[in-house]
Amino acid sequence: QALGSTQRGVPNMTGHRIKSWPLSPSPKDLKASRKTISKWSLLQWLEPEIAFGETFWPEVFSALTMLFPALHGYYMAPDIAADASFPQGVWALLYATLFHCPVSMAYHLANAAFNGMSGYDVFNTPFRTADLVAIHLCCIAFGWAESHGDISYTIFLIVINVGCILSLLHTLALGRRGGRHENY
């Protein structure tokens, strides 16, 4: 692709700076590109995907992928912590995961429910910011747990992740569109 491309799905760039973000395909573009499912297709069970839009089921699946590991961790943590050399770390991993789970589920379910609606942008929503902030807080907790509570490493993680959190909050406060460039 040429520099400065304005095609749908490709950022408009000047040098290394992005001038504008690509638009998501319009519902009209999606309908035009969609293939019909024959009555003989083994993939007929995907028809609700066409009715709800191309992001509904993947976002619901993403939400569910947060739930089951968290519940499994809740069930297994007491046994794992009992045999661990650093049981506090096991509990930190569990609590961080349980904290992140509903936040992430809210983001993905909001995307499933509202994506494609006028005015809803998956990259400019408090749900997205909350999910990424929760991920950065989990990074601190996970790092503390995996380092067995090493204070210097944990302070390093706090500095790095709080900087990322402040950047995310700043972007949201200014109403700027976030993007993959913020997935530090």
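**Helix pairs and cysteines**

Author: The axes of helix α3 (residues 56–83) and helix α4 (residues 87–114) come within 8 Å and cross at roughly 165°. Axes are lines fitted to C-alpha atoms, for helices over the stretch in contact, with angles running from 0 to 180 degrees between N-to-C directions. Helices are DSSP runs (H or I, at least four residues), numbered from the N terminus. This is a predicted model, where local features need pLDDT of at least 70 and side-chain atom pairs count only at pLDDT 80 or more, while totals for chains, interfaces and linings use all residues. Residues are numbered from 1 along each chain as its sequence is written, and side-chain values use heavy atoms, with hydrogens and water left out.

Reader: So how are α3 and α4 oriented to each other?
Author: Roughly antiparallel, therefore, a label for angles over 145 degrees.

Reader: And α5 and α6, how do their axes cross?
Author: At roughly 175°, coming within 9 Å; α5 covers residues 126–146 and α6 residues 151–174.

Reader: Which residues meet there?
Author: Among them, Leu132, His136 and Cys139 in α5 meet residues of α6 including Leu157, Asn161 and Cys164; contact means heavy atoms within 4.5 Å.

Reader: Is Cys101 buried or exposed?
Author: Buried, at 8% relative accessible area. Cys139 is partly exposed, at 34%. Buried means under 20%, exposed over 50%, partly exposed in between (1.4 Å probe, protein chains only).

How values were computed:
Helix = DSSP H or I, 4+ residues; strand = E, 2+ residues; numbered from the N terminus. Parallel < 35°, antiparallel > 145°, perpendicular 65-115°, else oblique.
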